[in-house]
Amino acid sequence: MNHLLKAISDANNHLIKENNINNALQECLSALGSNILVDRCYIFKNEMKDGFLILNYEFEWCKENVEPFIGSPELSGLPYDAFPGLLDTLIQNLPLYGLVNEIDNALFKETMEMQGIQSYLFTPIFSNDRFWGWIGFDDCETERIWQEEEVNALHTVARNIGIRLNQDKVLSKLETTLDELNFYMKSSSQAKWEWNLKTNHITYSYNWSEILGYTIEELGSSLDVWRSKVHPDDYNEIEQQLFNYIFKKIDKYDGVVRILHKDGHYVWIKYSGIMLMDANGAPKKIIGTHIDVSEIKEKEIELAQQRNEYDNMVNNLAEIVFKTDLNGDILFLNKQWEKITGYAIENCIGQNIFNYLNAVETDLFDQEINESKVLECNLIDCKGSKIGVLLLLSIPFDIKDNTKFVLGSITDINDIVTLKNKLEISEQKYRFIAENTSDLVVQHQFDGIIKYISNNCERITGYKPEEALEQNLCQFIHPDDIRDMSEKYTNILNLKNEAVTFRFLKKNQEYIWFETSVKIIEDASKKVIGVQTSSRDVTQRLKDQEEVKRAIEKQRELNDLKSGFVTMASHQFRTPLSVIYSNIELLHLKMNKQVKKEDVQTITSRITSEVDRMTELMNNILIFGENESNNLKIDIKKLHFSDFIEKLIETYFNNEKDGRNLMLEITGIEREIETDERLLIHILTNLISNAFKYSKDCANPELKINFMENGYKIEVVDYGIGILPEENKHMFKSFFRGSNTANIKGSGLGLIVAKQFTELLNGAISINSSDENTVVELEFPYHQKK
């Protein structure tokens, strides 16, 4: 029994004294093996591999002349499944022992006999309640019967090994934690300090001096150094707080203070401390931290400024702006609430918004509102009077806690409602007014960066508010309007009122016209901090103005046309009438005398010519007027073109007085065409008549027809007087006649009528005149739209 106690004592000593766990386990096995007189001691460690728990042969002690098996592949890396019953026993923290010749499992027995073992004892090792492995003892010479006290004692040693393993794990974690803490303190902006209240000595960590830009040698460790660098405005407050904390008038010591940096600026420091007491309960020391929170404070200041800008904008709106929860309990109201209702805001916060609205269902917020909802209702003021208002609602998500809330505005439309009732304005007109009362509100800095934009941004411009925020306003303004905008903004900054009209680029890359009122934003000290604009879409209004302008211009053109027509008609009709009248008088004179047949024919020929001229003029005027008044009917039919042309030539141009003929040339493969035969006859007779008229005593005019792939082309060519280059651009104007045509009869309407009819048939007309010839070119499609 003594040798067993000594074995346990030696094993435990090695577990306690050895720093290295591997050395401790090896020495522990040696002490056990040599004292309890076994042939071999060893330790198996568990490992999870590919989802299976396996055994690894880790440590071994052998008596002299006993074969070692450490490193043998037959014993390491085997799964527990190979030895049925082994895991089931050991995992219950129970020992397993016996004689090898009594083992039932063939593989287990074979493995033990391979090592020359006759008797064995296995005791499990648990570390922090986890089955870590087990320790084994082999007797290779005798079939040893293990006594109960031996089994219990060696089981105790296994438990002690587990305790040592757990201690090593805890110490390792503690060392890692301490290393991480040390690294964190070195790499963070946090500094540690300790003030001994009895000796008045203060100790700072290395970070404290670095936060202020000094070395620790430059600052030293005096409390006066810290006091000397506290901002004068913060000094009394922090000293009083420290005094109250030490004398237990307050429960905690923390806050934010400004401390002077070596570079001359102040650093915002978050401080906190904990006081420790001695055995008698008296203050002993304060341990605390300093953290550089300058960046956070700067962000807080910037956020406060933005909040001030937002509050200024919200409180200067003409509408009431409110926020409630889904029950309707009021969370926020802007100052317009007091102006319109007469209620004090502080008395209304927490009240239900439906208490102030008349004829509005209280389940309104229970309804699904995916987009902004607009409705008309009455607001009850502090005197009980009803005010007609327009209620605009939306239910967005609160990004803080991902809950819904109600955001809305109330616009006073009492005057509009009264006027509507008096004048019985239709519901459609009223809805139009209601839907167009909200302008686009924008707040931006002097450099143009947008800091706020109202929620109707997407409806008006196509941009979501978040897409426009932090963007430069100039990128949305038409380049041609930038200069004018800059000049007017200069006037605005000089406190001059300006209304600005400019083009704004929508998300779909189309421009709309904005009419914008602009005013400056001031803070509490009257310092100008930004610009606020209120814009409305006036694109349609400007389009209407442009239409009116075009209508006035059209009216002016019509007046000019009428004037030209009167002048032309008075001249053109006077001449043939004079000729007819003079020839009739001549005929009367000759009737009193002997009249020759040739003389009568000459006179009647002149009269007939002038009647034809007046007929042509009247036809052109009537057709021109019919087209201008949009009363011209178009009758599209299918037509065999070559037959049509031959008939037209035979009917109108087969018997020219000067004996000339129209030369016809057709190229390409003829196709059936769709056209208005009456309009096409008028076009061609006008152009061909001109060709004969303005080429007297010249070569025959030509008519060229070319059937192309997508349409057909007609060219009327003459070799006459041509068109002066400077007058070519006026040829399609009403009543215009070239300066070289004074001696040639004409109305000045033929070409303009031909052009209008050509365009009615989806065609194009052009004139090209040179010293050699004049070519009028027409192009038409094969098929017309019905």
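## Terms and model

A residue is called buried under 20% relative accessible area, exposed over 50%, and partly exposed in between (1.4 Å probe, protein chains only). This is a predicted model, in which local features need pLDDT of at least 70 and side-chain atom pairs count only at pLDDT 80 or more, while totals for chains, interfaces and linings use all residues. Residues are numbered from 1 along each chain as its sequence is written, and side-chain values use heavy atoms, with hydrogens and water left out.

Helices (H or I, at least four residues) and strands (E, at least two) are DSSP runs numbered from the N terminus.

## Salt bridges

Side chains of opposite charge can pair when their charged atoms come close. A salt bridge here is a side-chain nitrogen of Lys or Arg within 4 Å of a carboxyl oxygen of Asp or Glu. The count by this rule is 19 salt bridges. One network of salt bridges links Asp39, Lys63 and Glu141.

In the pair Asp224 and Arg227, the closest N and O atoms are 4.0 Å apart. Both residues belong to helix α8 (residues 223-229), and because they are 3 residues apart, about one helical turn separates them. Arg227 has 24% relative accessibility and so counts as partly exposed.

Lys507 pairs with Glu467, with 3.0 Å between the closest N and O atoms. Lys507 is partly exposed at 42% relative accessible area, and Glu467 is partly exposed at 33%. Glu515 and Arg541 form another salt bridge, their closest N and O atoms being 2.7 Å apart. This pair links distant parts of the chain, 26 residues apart, with Glu515 in strand β23 and Arg541 in helix α18 (residues 539-591). Glu515 is partly exposed at 27%, as is Arg541 at 38%.

## Nonpolar cores

A nonpolar core is a set of buried Ala, Val, Leu, Ile, Met, Phe, Trp, Tyr and Cys residues joined through side-chain atoms within 4.5 Å. The largest has 37 residues, and Phe641, Leu684 and Ile688 touch the most other members. At least two residues each come from α20 (641-652), α21 (677-693), β28 (702-707), β29 (711-718), α22 (750-760), β30 (764-769) and β31 (774-781). The most come from α21, which gives 8 residues.

Leaving aside neighbours within four places in sequence, Ile688 is in contact with Leu648, Phe653, Leu662, Leu703 and Val716 (contact means heavy atoms within 4.5 Å). Another core, of 30 residues, lies apart from the largest one and includes Val38, Phe137, Trp146 and Ala158.

## Cavities

A cavity is a set of points, on a 1 Å grid over the protein atoms alone, where a 1.4 Å probe fits but cannot get out; lining residues have an atom within 4 Å of a point. A volume is the space filled by probe spheres set on the points, which are joined across faces, edges and corners. The structure holds 4 cavities of 30 Å³ or more.

The largest cavity contains about 150 Å³ of space. Its lining has 16 residues, with Phe44, Leu75, Thr111, Gln115 and Trp134 nearest the centre. Helix α4 (106-114) is among the elements that each supply at least two lining residues, and α4 gives the most, with 3. The second largest cavity contains about 120 Å³ of space. Of its 18 lining residues, Leu440, Val442, Leu473, Phe504 and Thr533 are the closest to its centre.

Methods: On a 1 Å grid over the protein atoms alone, a cavity is a set of points where a 1.4 Å probe fits but cannot get out, and a pocket is an open set with protein on both sides within 12 Å along at least five of seven lines; lining residues have an atom within 4 Å of a point.
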